[in-house]
Amino acid sequence: MPESQKTVLSQLPAVGRLLETRRFRALSDSCGRPLVTAALRAEISELRRAVRAAAIPAGFSRDPEAWLAAAVQSRLDRAGGPDLRRVINATGIVVHTNLGRAPLSESAARAVFRAASGYSDLEFDLASAARGSRQQHLAGLFEAMFPGRASVVTGNAAGGVLLALETLAAGKEVVVSRGELVEIGDSFRIPDILAKSGAQLTEVGTTNRTRIGDYRRAITESGGRVGALLKVHQSNFRIVGFTEAASTSELVSLGAEFGVPVIEDFGSGNLLPLAEFGVQGAGGEPTLADRVASGADLVIFSGDKLFGGPQAGILLGTPEAIRACRQNPLARALRPDKMAIAGLQATLWSHLTGRADREVPVVRTIARPLEDVAAAAESLRQGLTPATGWELEVVPETSRIGGGAAPGAGLPTRCLALSRAGTDAEEIRRELLRSDPPVVPRIVDDRVLLDLRTVSEDEYDELLAALKSIVEGP
């Protein structure tokens, strides 16, 4: 660590001494000493990390006490309101898991508000005045989208996979290709979910090559103990080169021969022919319609990825398989709430009426023409009068789909690139994160990039104001 950083770290004021200063006594009087102490310790901890990353905040060196007092006051102000804050996603990642995945459409948000702010017929049949099922609010819409397929909805897709495995294969073997034993995010792995379901994992094939004969051999050698064949879409990685994989259709034929159900974890819930929307490298990416048409007993996907709705796990399948899942007591523990159902209803309606490319934010973002993104980036650049030392440039870049969908594929985009002589890109990023609302960019080649593809039109004024406060200031 350079001596300059060591010097700054050694000069960080002690918490006890700061709390006795006039500024911090005033804060303690208004907010309470315990909260002020906790906020101060958190700010000092963040400050240490920033210093080690050579990103000393502007203004700290001039007056550490004043800077810390302002930072603590800001932290306390945020703590006094809702902790879940709206941010401007300027990363160019369309389905950003850390930023809440898919934003809801206006119609879905209104539906969620109506469901949340009053009573509803969630489990009440108005025609018979008897108890109803919350699943019925979605069943007809999914059947209209996929005729002959029944549905059940859970709180998320991992829960959907757990319900499917526990229902169809508890106490039996589930055959999975070694190349599909994936980790689906936040350290949740397919083998772990499978173990929780009470099923036994049977791995077949190799990491890069698994043939239909491998599955057949597992079934014939099990002595009738195979409860399901599981196909997991490699949604967040790709194996290329010397590869081979059995298709879902092949597994369905094999399953029918031996009376073994086939479950497919499709993950992203992609309804779009992504290549037709200009997504480069997505030519082989299947759609949900492809997966359902393959004939699997159950296809499971997320509601809040490329489907564009609220968090949910959606199971589409044969009436028999879905009926068994609905009757499983685990279905009650995993059921969605009224807000998820309301949001899914509205999102389904947008897809069914052919308005998703205008109404569903994820679809609209992917379908957005490059010239619109470029015009927005140039307009943003022209709206700024940068101070000395700043460089602003509109540059070509690539947006990513995100959410574990279409790995390696990308959309051509345009970004506003920010840099300043003598200022680290990480420090600029941190300034943007302190904006209200926070702006989340990405860093490439020591420049901060703001990808306008994932910034909605109604956020432009806020983004411009945040940038003005940074690049036009002293």
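Biologist: What does arginine 33 form a salt bridge with?

Modeller: Arginine 33 pairs with glutamate 20. Their closest N and O atoms are 3.2 Å apart. Keep in mind that this is a predicted model.

Biologist: Where do those two sit?

Modeller: Arginine 33 is in helix α4, and glutamate 20 is in the loop between α2 (15–19) and α3 (22–31), so the bridge ties together parts 13 residues apart in sequence.

Biologist: Is arginine 33 buried, exposed or partly exposed?

Modeller: Arginine 33 is partly exposed, at 38% relative accessible area. Glutamate 20 is partly exposed too, at 44%.

Biologist: How many salt bridges does the whole structure have?

Modeller: A search finds 29.

Biologist: What about arginine 86, which residue does it bridge to?

Modeller: Glutamate 462, with the closest N and O atoms 2.6 Å apart. This pair links distant parts of the chain. Arginine 86 lies in the loop between α5 and β1 (88–89), and glutamate 462 lies in helix α20, 376 residues away.

Biologist: And lysine 231, what is its partner?

Modeller: Glutamate 180, at 3.0 Å between the closest N and O atoms. Glutamate 180 sits in the loop between β6 (173–177) and α9 (190–196), while lysine 231 sits in strand β9. They are 51 residues apart.

Biologist: Which residues are linked in a network of salt bridges?

Modeller: Glu123, Arg131, Arg134 and Arg335.

Biologist: New topic. At what angle do α4 and α5 pack?

Modeller: About 115 degrees, with the axes 9 Å apart. α4 spans residues 33–52 and α5 spans 64–79. The crossing is right-handed.

Biologist: Which residues meet there?

Modeller: From α4, they include Leu35, Val36 and Leu47. From α5, they include Trp67, Leu68 and Arg78. The contact has 12 nonpolar residues, no polar ones and 4 charged ones.

Biologist: Last one. Where is serine 435?

Modeller: In the loop between α19 (425–433) and β16 (439–440). Serine 435 is buried, with a relative accessible area of 9%.

Biologist: What does serine 435 touch?

Modeller: Arg85, Ala466 and Ile470, leaving out residues up to four places away in sequence. A polar atom of its side chain also lies 3.1 Å from the backbone oxygen of leucine 432.

Conventions:
Residues are numbered from 1 along each chain as its sequence is written. This is a predicted model: local features need pLDDT of at least 70, side-chain atom pairs count only at pLDDT 80 or more; totals for chains, interfaces and linings use all residues. Side-chain values use heavy atoms; hydrogens and water are left out. Axes are lines fitted to C-alpha atoms, for helices over the stretch in contact, and angles run from 0 to 180 degrees between N-to-C directions. Helices (H or I, at least four residues) and strands (E, at least two) are DSSP runs, numbered from the N terminus. A crossing is left-handed if the near helix is turned anticlockwise from the far one by less than a right angle, and right-handed if clockwise. Contact means heavy atoms within 4.5 Å. Ala, Val, Leu, Ile, Met, Phe, Trp, Tyr, Cys and Pro count as nonpolar, Asp, Glu, Lys and Arg as charged, and the others, Gly among them, as polar. Buried means under 20% relative accessible area, exposed over 50%, partly exposed in between (1.4 Å probe, protein chains only). A polar contact is a pair of N or O atoms within 3.5 Å; within protein, one must be able to donate a hydrogen and the other to accept it, and residues adjacent in sequence count only if both atoms are side-chain atoms. A salt bridge is a side-chain nitrogen of Lys or Arg within 4 Å of a carboxyl oxygen of Asp or Glu.
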